[in-house]
Amino acid sequence: MSKEMNYGDDYKFIPATSIGSGVGKELLTDLYQHTIQVVNLFFYGDSDSNEFVLIDAGMPRSFDDIKAVAAERFGEDTRPKAVILTHGHFDHVGAIIELIEHWDVPVYAHELEKPYLTGEKDYPEPDSSVEGGLVAKMSPIFPNEAIDIRNHLEPLHSDGSVPHMPGFRWVHTPGHTPGHVSLFRDEDGTLIVGDAFVTVRQDSLYKVFTQEKEISGPPRYLTTDWQQAWDSVKKLAELKPTLAATGHGVPLYGDALNEDLSDLVQNFEEIAIPDHGKYI
Ligand SMILES: [Zn+2]
Ligand SMILES: [Zn+2]
């Protein structure tokens with residue numbers, strides 16, 4: 001790996017997985033979800049075209065897996081027009097350096113996420129004291145150091161457009177991280193959520209493994225601003241999405257999605273915010 005870019009010193013494979021790991025699913029003709037261990041990433045683009053955009057970059061050491069899925073869906077020698085990051089947590093940038101090296105592709109993220117992607121600022125330590133089971137307990141091993149991809153990073157455009165994803169706009173959804181974004185397409189109500197909310201509780205290793213559906217706020221041990229996180233969920237609920245593709249868990253659709261989302265907005269304190277923890 002070139003010295004020009006680096007993951008933090010705490011970068012490592014994380015031994016956590018789910019029954020969905022390795023499974024792909026076409027959510028729409030132009031949106032494909034692929035699960036790596038416990039996280040989802042998304043390929044935007046029709047499978048009969050060879051043009052695509054990758055949204056998020058998987059877990060540490062998942063480069064071969066991502067490359068294989070891209071080749072299978074879009075052809076051996078194709079490469080994405082861009083990678084869009086919802087945020088810079090380790091489970092969303094795990095293969096980004098190998099992907100940049102292999103594909104020589106620009107990476108876009110929100111301006112406020114830049115310090116964590118240019119080696120300037122580490123994310124806060126995961127809060128293992130937060131209530132909620134084994135995933136929180138294992139969170140001290142999660143990488144939180146800034147990665148450095150500065151020479152390949154571009155800010156998302158201030159007009160709200162998403163590069164190479166016509167019809168989509170980015171929506172700033174801070175709280176989980178300062179520069180967290182979700183992507184929304186007004187025409188059909190498609191929402192790529194990132195971790196602004198998730199559909200599997202991240203605080204139970206058992207539920208993460210079985211991917212039992214249960215709408216929840218952002219993963220607790222890494223969320224630092226709960227008021228902002230709540231406001232962000234409200235913002236997304238107001239969009240009335242028809243499909244929510246989340247960074248963790250299964251996609252939600254239609255009425256069930258809107259019922260779950262308004263439930264989350266109404267009862268955010270109960271459902272999402274832990275009773276105790278460093279960032280309360
Ligand atoms: Zn995250
Ligand atoms: Zn995540």
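Two worked exercises on a predicted model follow.

**Exercise 1. Describe how helices α1 and α2 pack: at what angle, with which handedness and through which residues.**

Step 1. Locate the helices. Helix α1 spans residues 63-74, and helix α2 spans residues 96-103.

Step 2. Read the geometry. The two helices pack at an angle of about 50°, and their axes are 9 Å apart.

Step 3. Classify the angle. Angles of 65 to 115 degrees count as roughly perpendicular, and those under 35 as roughly parallel. α1 and α2 are therefore oblique to each other.

Step 4. Assign the hand. The α1 and α2 crossing is right-handed.

Step 5. List the contacts. F63, I66, K67 and A70 come from α1. They meet E98, L99, H102 and W103 of α2.

Step 6. Sort by class. This contact has five nonpolar, one polar and two charged residues.

**Exercise 2. Work out which residues coordinate the zinc ion (ligand 1), and which parts of the chain H87 and D195 tie together.**

Step 1. Name the donors. The zinc ion (ligand 1) is coordinated by H87 (NE2), H89 (ND1), H176 (NE2) and D195 (OD), at 2.1 to 2.3 Å.

Step 2. Check the spacing. Along the chain, these donors follow H-x1-H-x86-H-x18-D.

Step 3. Judge the geometry. Angles among the four donor atoms run from 90 to 175°. A tetrahedral site needs all angles between 85 and 135 degrees. The site of the zinc ion (ligand 1) is irregular.

Step 4. D195 coordinates both the zinc ion (ligand 1) and the zinc ion (ligand 2), which are 3.3 Å apart.

Step 5. H87 lies in the loop between β5 (82-84) and α2, and D195 in the loop between β10 (190-194) and α4 (205-210), so the pair ties together parts 108 residues apart in sequence.

Terms used. Residues are numbered from 1 along each chain as its sequence is written. Chains are lettered from A and ligands numbered from 1 in the order in which they are written. This is a predicted model: local features need pLDDT of at least 70, side-chain atom pairs count only at pLDDT 80 or more; totals for chains, interfaces and linings use all residues. Side-chain values use heavy atoms; hydrogens and water are left out. Axes are lines fitted to C-alpha atoms, for helices over the stretch in contact, and angles run from 0 to 180 degrees between N-to-C directions. Helices (H or I, at least four residues) and strands (E, at least two) are DSSP runs, numbered from the N terminus. Angles under 35 degrees count as roughly parallel, over 145 as roughly antiparallel, 65 to 115 as roughly perpendicular and the rest as oblique. A crossing is left-handed if the near helix is turned anticlockwise from the far one by less than a right angle, and right-handed if clockwise. Contact means heavy atoms within 4.5 Å. Ala, Val, Leu, Ile, Met, Phe, Trp, Tyr, Cys and Pro count as nonpolar, Asp, Glu, Lys and Arg as charged, and the others, Gly among them, as polar. Donors are N, O and S atoms within 2.8 Å of the metal (3.2 Å for Na, K and Ca); water is not among the atoms, so sites may look incomplete. Four donors count as tetrahedral if all angles lie between 85 and 135 degrees; four count as square planar and six as octahedral if opposite donors are over 155 degrees apart and all others between 65 and 115; anything else is irregular.
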